[in-house]
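Student: Hi! Could you walk me through how the helices and strands are arranged here?
Tutor: Happy to, let's have a look.
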Amino acid sequence: MKGEGPPAIHALHGFLGSGKTTLARQLETELPALRFSSDEWMVTLYGQDPPEALFSEYRSRIYALMRRYWTRALALGLPVVLDEGFWTRRERDDLRAEAEQLGVPLILYALSTPESVARERIRHRNQEPHSLYIAENTYNLFRPRFEPLEPDEPHILV
C-alpha cells in the first residue's frame with residue numbers, strides 16, 4: 001500500500017475507543033496522506049478537557065476549520081484521512097455529497113471493538129499528555145448518539 005495515492009477522502013467510522021486514531025496514523029504513513037484529527041485540534045486549541053457547555057461549539061468550529069484545509073489538500077491532489085467518527089447517517093451522507101461535489105472517492109473504514117476494550121483504551125489514553133480527556137460518564141452519554149452503518153453504506157471493515 002506504499003506510494004502516492006490519488007486524491008481521496010479516507011474517513012473513519014467508529015465510536016470512542018474503537019481505534020480510529022491508530023488506523024488514521026497508519027493510513028497517514030502508508031498512503032501517504034494528510035491526517036486531520038478533531039481531537040488533536042481540540043486539545044491544541046482548547047485544552048485536554050474543554051468545558052462541556054462549549055464542547056459542541058468548539059467541535060463545530062474545529063470541523064469547519066479542518067474542512068477548509070482538507071478540501072484544499074484534495075484540490076492540490078493529496079489524499080486526506082479524516083480521523084472523526086462520523087457517528088450519524090446525516091454526517092456520512094453529507095460527507096458522501098461533499099466527496100461527489102469535489103469529484104473524489106470516499107473510502108469509509110468501519111471500526112468496532114468490544115465495549116470493555118474501548119473503555120480500557122479510553123482510560124489509558126486519558127493518562128497520556130496531550131490527549132483529549134473523556135470522562136467515564138461521557139461514554140454512556142454519547143453512546144445513544146452513535147448510529148451504526150446501514151447496509152447501503154459501502155465501507156471497509158477493519
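Student: At what angle do the axes of helix α3 and helix α4 cross?
Tutor: First, this is a predicted model, where local features need pLDDT of at least 70, side-chain atom pairs count only at pLDDT 80 or more, and totals for chains, interfaces and linings use all residues. Residues are numbered from 1 along each chain as its sequence is written, and side-chain values use heavy atoms, leaving out hydrogens and water. The axes of α3 (residues 52–75) and α4 (residues 89–102) cross at roughly 25° and come within 12 Å. That makes α3 roughly parallel to α4 (angles under 35 degrees count as such). Helices here are DSSP runs of H or I with at least four residues, and strands are E runs of at least two. Axes are lines fitted to C-alpha atoms, for helices over the stretch in contact, with angles from 0 to 180 degrees between N-to-C directions.
Student: Which residues of α3 meet α4?
Tutor: R59, Y63, R67, W70, T71 and L74 do, facing E91, L95, E98 and L102 in α4 (contact means heavy atoms within 4.5 Å).
Student: Switching topic, what is the strand order in the sheet?
Tutor: The open sheet has 5 strands in the order β2-β3-β1-β4-β5, with parallel pairing (two strands pair if DSSP finds at least two bridges between them).
Student: And which strands stand at the edges?
Tutor: β2 (34–37) and β5 (156–157), each with a single partner strand, so one side of each has no neighbour in the sheet.
Student: How many bridges join β2 to β3?
Tutor: There are 4, and β3 spans residues 80–83. L34, for one, has V80 in β3 as its bridge partner.

Notes: Parallel < 35°, antiparallel > 145°, perpendicular 65-115°, else oblique.
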